[in-house]
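Let's take a walk through a protein model together. Have a look at the picture first, then read on.

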Amino acid sequence: MATPAALDRFDLAILDILQSDNTTPQRVIAQAVNLSAPAVQRRIQRLKDSGVIRANVAVLDPVKVGLPLTIMLEVHLENERPDRTAPLRARIAAEDAVQQCYSVTGEADYLLVVTVASMSDYEALTQRLFEGDDNVRRFRTSVALACLKTGLSLPLDKAMPPA
């Protein structure tokens, strides 16, 4: 597990603004956090260089772009040895429909969140990911009926360093 970056209260305040709207002008951020615009620019660059800021992206509505089905997949393996799981991991990493993948504790070995246009697209996806892989014991599908909450914002108020 990676160690957390050393972040001070200014970094966390900048990150909080950026994760709400990463198009916020640096002069506006500077005013909000009581730093100069060049200081904010340097901090943002350092946060990017260190990997704290992983990407600047647009978050799309899957339904409005024609991908209305969100499906959770529990994947159960026969063997968790890295040499046995590497091919599946590579297929998952290469698959655009897989939005998230977690190695988890409990009954399942992996939990995937996928977004597809139709059930036939989902069936084709599962064939690409699992067919012919004798290390995949089984997988369980749960189709999302409604989205109650989705987000990418982290609760930075819980990450504040001690005063």
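How many bridges join S1 to S4, and which way do the two strands run? Seven bridges join them, and the strands run antiparallel. Keep in mind that we're looking at a predicted model.

**The sheet**

S1 and S4 belong to an open sheet of four strands, and its order is S2-S3-S1-S4, with antiparallel pairing. At the edges you'll find strand S2 (98-103) and strand S4 (136-143), each of which pairs on one side only. On average, and ignoring direction, neighbouring strands in this sheet are turned by 20° against each other. S1 also pairs with S3, again in the antiparallel sense and over seven bridges.

Here are some residues that face each other across the strands:

| Residue | Opposite residue | Strand of the opposite residue |
|---|---|---|
| Val 75 | Tyr 110 | S3 |
| Glu 74 | Arg 140 | S4 |

Now for H4, which lies across S1, S2, S3 and S4 and runs at about 30° to S3.

Which residues have the most contacts inside the largest nonpolar core? They are Val 75, Leu 88, Leu 112 and Val 114, and the core has 17 residues. Strand S1 (69-77), helix H4 (82-94), strand S3 (110-116) and helix H5 (119-130) each supply at least two residues of this core. Apart from it lies another core, this one of 12 residues, including Leu 15, Ile 29, Ala 30 and Ile 44.

Let's zoom in on Leu 112. Not counting residues up to four places away in sequence, Leu 112 touches Ile 71, Met 72, Leu 73, Val 75, Ile 92, Val 98, Gln 100, Cys 101 and Leu 129.

**A closer look at Gln 99**

Gln 99 sits in strand S2. Is Gln 99 buried, partly exposed or exposed? Gln 99 counts as partly exposed because its relative accessible area is 47%, which falls between the 20% and 50% cut-offs. Leaving aside neighbours within four places in sequence, Gln 99 is in contact with Val 113, Val 114 and Thr 115. A polar atom of the Gln 99 side chain also lies 3.1 Å from the backbone oxygen of Asp 96. As for Val 52, 47 residues apart from Gln 99 along the chain, the C-alpha atoms of the two are separated by 20 Å.

Conventions
Residues numbered from 1 in each chain as written. Predicted model: local features only at pLDDT ≥ 70, side-chain atom pairs only at ≥ 80, totals over all residues. Heavy atoms only, no water. Core = buried A, V, L, I, M, F, W, Y, C linked by side-chain atoms within 4.5 Å. Buried < 20%, exposed > 50% of the residue type's maximum accessible area, 1.4 Å probe, protein only. Contact = heavy atoms within 4.5 Å. Pairing = 2+ DSSP bridges. Axes fitted to C-alpha atoms, helices over the stretch in contact; angles between N-to-C directions. Polar contact = N/O pair within 3.5 Å; in protein donor to acceptor, adjacent residues only side chain to side chain.
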